[in-house]
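The following exercises ask the reader to work through a protein model from its chain contacts to single residues. Each task is followed by a solution in steps.

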Amino acid sequence: MRVRNNYKSIKAKLNKALEDLGDEGKDYLKDIANTMVVRTPVVTGAFASSYSVVGSGSRSTRSVSSKGRPKTREVENYRALARDTMYSDIDGLDILKSGRVQFKNGAPHAPEVNDKYQIFAVAKDKYRGI
Amino acid sequence: MADITPNIRSVFETELNSITGLPPIGWENVNFSPSTSVGYLEPRLVPTRREPAVRGINPQILYQGYYLIEVFTPSGHGPNKADTYASTLIGHFEATTDISHSGTIVSIRYAERDLGIKEDAFYKVPVRIGYYTYN
């Protein structure tokens, strides 16, 4: 009886499954990002420019102040910037190693904005599961 | 199918109005002048989902969201009063219970509070009551 060592094939399949899992995880995070973007108000664009998505242990945060910034009419451009920034952060994450992912907004006035528009609480409600 | 978000709001407002021992309530989009010597509540309905529960024809519609009740007590007198109001609200809207009004039944998903923060002349504690219902 011959027994064939299929190790290489199994390993390749496992790696592909892990890769797919990572992609699914990133799609899920991008859904969360979209939920936040559509609720993001734009007055000067500072808040929209201050989103970050980081893995566990990261202390980096974008922070743009609204002080001295003129009001903008480019509402959808700033929302697109917020989306692109978060997507880029998400694509750069190693989901399977990260363990924990944080969505942040480092704008100095973020607490007031979030309080009024409930951006993070809405995302938490939609994606917290049963 | 008609949107039942106003009915959901009525369920929460009726239920909130029935609880005894709470401070005055500044209802959503109703003129209200809070006193800085007395606490008050400020509720708002925050819908987050309205979508078919299943694929196919004539699906039930899932409504999901949370009822945000911000508890305000006078600043500088400690957190106990706000904590008591928040606990009363959480106890009344406990998770996995149902509330209803005029034929609309709303199921409670979760009842939680957030940290207290000072806001001008008040100390504020947000309470979030997560809900879902099908129609």
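**Exercise 1. The interface**

How many residue pairs are in polar contact between chain B and chain A, counting pairs with both residues at pLDDT 80 or more?

*Solution.* The model is a predicted one, in which local features need pLDDT of at least 70 and side-chain atom pairs count only at pLDDT 80 or more, while totals for chains, interfaces and linings use all residues; side-chain values use heavy atoms, with hydrogens and water left out. Residues are numbered from 1 along each chain as its sequence is written, and chains are lettered from A and ligands numbered from 1 in the order in which they are written.

Step 1. A polar contact is a pair of N or O atoms within 3.5 Å; within protein, one must be able to donate a hydrogen and the other to accept it, and residues adjacent in sequence count only if both atoms are side-chain atoms. Between chain B and chain A, 11 residue pairs are in polar contact.

Step 2. On the side of chain B that touches chain A, at least two residues come from each of β1 (40-52), β2 (61-74), β4 (104-113) and β6 (122-134) of chain B. Strands (E, at least two residues) and helices (H or I, at least four) are DSSP runs, numbered from the N terminus.

Step 3. This side of chain B comprises 8 charged, 5 nonpolar and 4 polar residues. In this scheme Asp, Glu, Lys and Arg are charged; Ala, Val, Leu, Ile, Met, Phe, Trp, Tyr, Cys and Pro are nonpolar; the others, Gly among them, are polar.

Step 4. With contact defined as heavy atoms within 4.5 Å, 17 residues of chain B meet 11 residues of chain A. The two chains bury about 1100 Å² between them, 32% of it on carbon and sulfur atoms; buried area is the accessible area (1.4 Å probe) that two parts lose on being put together, summed over both.

**Exercise 2. Salt bridges**

Determine how many salt bridges cross the interface of chain B and chain A, then examine pairs within the chains.

*Solution.* Step 1. A salt bridge requires a side-chain nitrogen of Lys or Arg within 4 Å of a carboxyl oxygen of Asp or Glu. The rule finds 4 across the interface of chain B and chain A, and Glu112(B) pairs with Arg128(A) at 3.2 Å, N to O.

Step 2. Over all chains the count is 15 salt bridges. Lys30(A) and Asp91(A) form a salt bridge at 2.8 Å, N to O. This pair links distant parts of the chain, 61 residues apart, with Lys30(A) in helix α1 and Asp91(A) in helix α2 of chain A. Lys30(A) is buried at 17% relative accessible area, whereas Asp91(A) is partly exposed at 44%. Buried means under 20% relative accessible area, exposed over 50%, and partly exposed in between (1.4 Å probe, protein chains only).

Step 3. Asp89(A) and Arg62(A) form a salt bridge at 2.7 Å, N to O. Asp89(A) belongs to helix α2 of chain A and Arg62(A) to the loop between β1 and α2, so the pair ties together parts 27 residues apart in sequence. Asp89(A) is buried at 15%, and Arg62(A) is partly exposed at 31%.

**Exercise 3. A buried asparagine**

What does the side chain of Asn105(A) reach at 3.1 Å?

*Solution.* Step 1. Asn105(A) is in strand β2 (residues 101-105) of chain A and counts as buried because its relative accessibility is 13%.

Step 2. The side chain of Asn105(A) reaches the backbone nitrogen of Ala107(A) at 3.1 Å. A polar atom of that side chain also lies 2.9 Å from the backbone oxygen of Phe47(A).

Step 3. Beyond four places in sequence, Asn105(A) touches residues including Ser50(A), Tyr51(A) and Phe120(A).

**Exercise 4. Positive phi**

Is Gln118(A) buried or exposed?

*Solution.* Step 1. Most residues other than glycine have a negative phi. Gln118(A), not a glycine, has a positive phi of about 55 degrees.

Step 2. Gln118(A) occupies the loop between α4 (110-117) and α5 (119-127) of chain A. Gln118(A) is buried, with a relative accessible area of 4%.

Step 3. Asn58(B) likewise is not a glycine and has a positive phi, of about 50 degrees. Asn58(B) sits in the loop between β1 and β2 of chain B and is exposed, at 74% relative accessible area.
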